[in-house]
Amino acid sequence: MIAAVTTDARRLVVTEVPDPVPGPGEVLVRPLVVGVCGSDLHLFDGDAGALSGAERGLPRIQGHEIAAEVLDDPSGRLAAGTRVAVWPLLSCGPAGCAPRARSTPARPCA
């Protein structure tokens, strides 16, 4: 698949990357629209460590705010072609503050 990958501060490369494969509890989606948010801009500016907790956090595929359609849901809950909005993070701590976060399942758009 083609992805926009931030490889270093102020360096974004559009390149071919391996197709993702859904793991347990995950759904494979095809992005239809991708938004740019503040964390994307911070990452592009070189503030990768502050966002990821990692020293560099790069390279990283940009564009985590998406509207998409389901390609594959191994659980069978969502049919292929179902349009979804993806909220990319779930808090795992009190008041939404957590040192770790995990991806959420895709949910159908109303």
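User: Which residue takes a positive phi in the hairpin of β1 and β2?

Analyst: In this predicted model, Arg10 takes a positive phi near 60°. The hairpin has two residues between its strands.

User: How many bridges pair β1 with β2, and in which sense?

Analyst: Strands of a sheet pair through backbone hydrogen bonds, either parallel or antiparallel. In this model, β1 covers residues 2–8 and β2 residues 11–16, and the two pair in the antiparallel sense over six bridges.

User: What is the strand order of the open sheet, and which are the edge strands?

Analyst: The order is β2-β1-β4, an open sheet of three strands with antiparallel pairing. Its edge strands are β2 and β4, since each pairs on one side only.

User: Which helix packs on this sheet, and what angle does its direction make with that of β1?

Analyst: Helix α1, residues 38–45, packs on the sheet and touches β1, β2 and β4. Its direction makes about 50° with that of β1.

User: How many salt bridges does the structure hold, and what is the partner of Arg10?

Analyst: To read a salt bridge, look at the distance between the side-chain nitrogen and the carboxyl oxygen, with a cut-off of 4 Å. The structure holds two salt bridges. Arg10 forms one of them with Asp45, the closest N and O atoms being 2.7 Å apart. Arg10 lies in the loop between β1 and β2 and Asp45 in helix α1, so the pair ties together parts that are 35 residues apart in sequence.

User: Which residue forms a salt bridge with Glu69, and where do the two lie?

Analyst: Glu69 forms a salt bridge with Arg30, with the closest N and O atoms 2.1 Å apart. Glu69 is in strand β5 and Arg30 in strand β3, residues 28–35. The pair is 39 residues apart and links distant parts of the chain.

User: Is Glu69 buried or exposed, and which residues does it touch?

Analyst: Glu69 is buried, because its relative accessible area is 15%, under the cut-off of 20%. Arg30, at 41% relative accessibility, counts as partly exposed. Leaving out residues up to four places away in sequence, Glu69 touches Leu28, Val29, Arg30, Leu32, Gly81, Thr82 and Arg83.

User: How many bridges join β3 to β5, and how many pair β5 with β6?

Analyst: Seven bridges join β3 to β5, and these strands run antiparallel. Leu28 stands opposite Asp72 in β5. β5 also pairs with strand β6, residues 83–86, in the antiparallel sense over four bridges. Ile66 has Val86 as its bridge partner in β6.

User: How many helices and strands does the chain have, and in what order do the elements run?

Analyst: The chain has two helices and nine strands. From the N terminus on, the order is β-β-β-α-α-β-β-β-β-β-β.

User: What do the totals for burial, contacts and surface come to?

Analyst: Of the 110 residues of the chain, 22% count as buried. Among contacts with a separation of 6 or more, 50% are between residues 24 or more positions apart. The accessible surface of the chain comes to about 7500 Å², and 58% of this belongs to carbon and sulfur atoms.

Terms used
Residues are numbered from 1 along each chain as its sequence is written. This is a predicted model: local features need pLDDT of at least 70, side-chain atom pairs count only at pLDDT 80 or more; totals for chains, interfaces and linings use all residues. Side-chain values use heavy atoms; hydrogens and water are left out. Two strands pair if DSSP finds at least two bridges between them. Contact means heavy atoms within 4.5 Å. Buried means under 20% relative accessible area, exposed over 50%, partly exposed in between (1.4 Å probe, protein chains only). Accessible areas come from the Shrake-Rupley method with a 1.4 Å probe; for residues, only the protein chains shown count as cover. Axes are lines fitted to C-alpha atoms, for helices over the stretch in contact, and angles run from 0 to 180 degrees between N-to-C directions.
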